[in-house]
Structure formats: structure tokens, C-alpha cells
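Please look over the sequence and the model below before reading on. The report then takes up the domains, the ligand and the pockets in turn.

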Amino acid sequence: MEYVLTTHNLTKKYGKFKSLDELSIHIPKGAIYGLVGKNGAGKTTLIRVVCGLQEPTKGSYSICGVKNTAKSICKSRRRMGAVVETPAIYMDMTAEDNLKQQCLILGVPTYDSVPDILKLVGLNHTGKKKARNFSLGMKQRLGIAVALVGNPDFLILDEPINGLDPQGIIELRELILKLNREFQITVLISSHILDELARLATHYGFIDKGHLVKEISADELDNVCRKCVYLEVTSTAALARVLDAEGIEYEILSDHTANVYGRFNLSNLVLSLAKENCDIISSHEQDESLENYFINLVGGNHND
Ligand code: ATP
């Protein structure tokens, strides 16, 4: 598989504190990669390091196959556009002038792409209106427009949905999907708003305390989430032994209850449990949301 971004044991320390702790992620070309983590998990730090705004303490990363220590990393980074924290826009300029300014900064020789980018992000009718008078959604889309100058094939968006109203969220979602599907731009998007992320992401990286807890494609996640069976058994210790042997994911809830994830054959499980002198008392299937999956992975409220 071709990857746009990989990190290998990437570590970023502030004093003794590890904001990134041996983080290894893999973003396939063409993906919309949802980076999920609680506040302080290290999402922005990862993005800042990859954008070259901070140096890693240890470990490495590669953009489009070019390692961060290679001389050509600057060239690779030019294939990337990013909106980190707040959009980098000039509030006293119009949308058009913001894009022209970015052309100058990047050394793009003409302004020919400006009208197309404005149209793409839905800001082609804003005329003389200054960015400071834009809605939050418009500012966010202008930030993305600025990131699109230079024709990147990898776009990084740090919490782009934060603070947007429902209409703003829909517009941004449609824009991200369009950039990905029509323009084949790979997108890394960090977000707390998991329901929304679930409508976009083709892959997920769940991070906690600076390290990767799980990396999974949306298809794999669908399989896991679609099927969660709540089991009541005579011994969850025996159940855990059987499930471990079969490589099936589960979560023990008490001495007698557990959630079992993914697709598995219940009849086979009954037989295997019988060999361990364990009976199933009851079972029922339940749907699991992305949010529940995340909470099960990292524990607690996802915003604490
Ligand atoms: P949020 O969703 O709240 O933005 P995050 O996952 O983006 O969280 P980071 O901003 O990457 O998290 O921060 C990760 C940890 O690193 C936090 O505990 C933060 O306090 C710490 N941290 C980040 N930048 C610095 C810095 N410059 N100096 C010291 N600590 C820092």
C-alpha cells in the first residue's frame, strides 16, 4: 500500500512530559484519516511536528515516502496543505486577496487558480467583504482555500468542525468529501465530534497519552461496531481464555458479563466454552457507535 504519511516511534517531549510517545501511524494514499483522541492526547502536537513547526525528540516520519531527515522533505511538505488550530487568514483582506497573498508566499507564479479555489470552497460570491466579517464556517473554508493554494495532494485539518453550526458542518463535510473524491486529496482530520467523523473517515487512528491505541479502517470498524454481542456467562475468566485463543475482541464487564465484538460463530463459541465448563446464560446483539468503541478503547469520557 502507498502511504502519504507514516510515523515511526515518533516521540515529542516537553521537559520530561511525553506529548507523543513512540507513535506509529500509517495514512494510506486517498484516505480520509480520522485522528481521534481526548483533549491533550497529542493530536495537535503530531500535526505540528509533521508540518515542520516542531522538531521530534525521537523517532521519524515520512511524507510521501520521504523521511523527515532527508533534504527533500521541504519539497515533500510542499505537497501538503494544513489548517492547524485557527485558520491562517488575514482578517482585513477579502477572500480573493487572502488567496493571492498565499500565492505570493508560496511563489506560485500566477493567480489563475484563485477563482477556481474560491468557487470550490463556496466563497466566490464574497466580493469586497473582509474575512473578519465572515461567519466561522466561511473563515474555516477560507482557511482550507488558503491551504489548497499550491495544489496539495495531502490536506491536514486540525479540529475543523469545532464551533460550527449545523449548516457550517454540512458545508464543510461536503467540501472535504469533494476534495477527497473528486480531487483525490488525502485528508488527515482530527476531531472530537465522532458522529461527524464517522460520516467522513475511511480510516481511523485512535491515540491516547501520545501513543497509538488502535489503527483501523472504516470497513473493519463497521464490522466490529455492527456486531457487539452482550453475553452473560457462568465465568468470564473462561470466556476470556476462549476468546483470546480465537483472537476475538471483547470487554469484560463483570464476573459474569462481557461484550464480544466482531463477527464470530455463536455455536462454535458455545462448544468451546462447554470444554471450559462455562455456560452461556443469555446473549443479545447490540449496535456499537464509534463513540462507544472509542470509550472502550481508551476508557472514560472522551472529553475528560
Ligand atoms: P486538544 O484536543 O485539547 O487540542 P490535543 O490532542 O491536540 O488536545 P496537544 O495539544 O497535542 O493535544 O497536547 C498534548 C499534550 O502536550 C498536552 O498535555 C499539552 O499540555 C502538552 N503540550 C503541548 N504543547 C506543549 C508545549 N509547548 N509545552 C508543554 N506542553 C505542551
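## Basis of the model

This is a predicted model, in which local features need pLDDT of at least 70 and side-chain atom pairs count only at pLDDT 80 or more, while totals for chains, interfaces and linings use all residues. Residues are numbered from 1 along each chain as its sequence is written, and side-chain values use heavy atoms, with hydrogens and water left out.

## Domains

The domain assignment, whose bounds come from an automatic or database source, gives domain 1 (3-222) and domain 2 (227-286). The C-alpha centres of domain 1 and domain 2 lie 41 Å apart.

## Around the ligand

The ligand has 13 residues around it, and Asn-39, Gly-40, Lys-43, Thr-44 and Thr-45 come nearest; a residue counts as near if one of its heavy atoms lies within 4 Å. By class, this shell holds 3 nonpolar, 7 polar and 3 charged residues, where Ala, Val, Leu, Ile, Met, Phe, Trp, Tyr, Cys and Pro count as nonpolar, Asp, Glu, Lys and Arg as charged, and the others, Gly among them, as polar. Both β2 (17-23) and α1 (43-50) supply at least two residues of the shell, and α1 gives the most, with 3 residues; such elements are DSSP runs numbered from the N terminus, helices (H or I) having at least four residues and strands (E) at least two.

## Pockets

A pocket is an open set of points on a 1 Å grid over the protein atoms alone, where a 1.4 Å probe fits and protein lies on both sides within 12 Å along at least five of seven lines; lining residues have an atom within 4 Å of a point. The largest pocket contains about 670 Å³ of space, its volume being that filled by probe spheres set on the points, which are joined across faces, edges and corners. Its lining has 24 residues, with Met-80, Gly-81, Ala-82, Gln-102 and Leu-106 nearest the centre, and β7 gives the most to this lining, with 4 residues.

The second largest pocket has a volume of about 250 Å³, and its lining residues include Val-108, Ser-113 and Phe-183. Helix α4 (residues 114-120) gives the most to that lining, with 3 residues.
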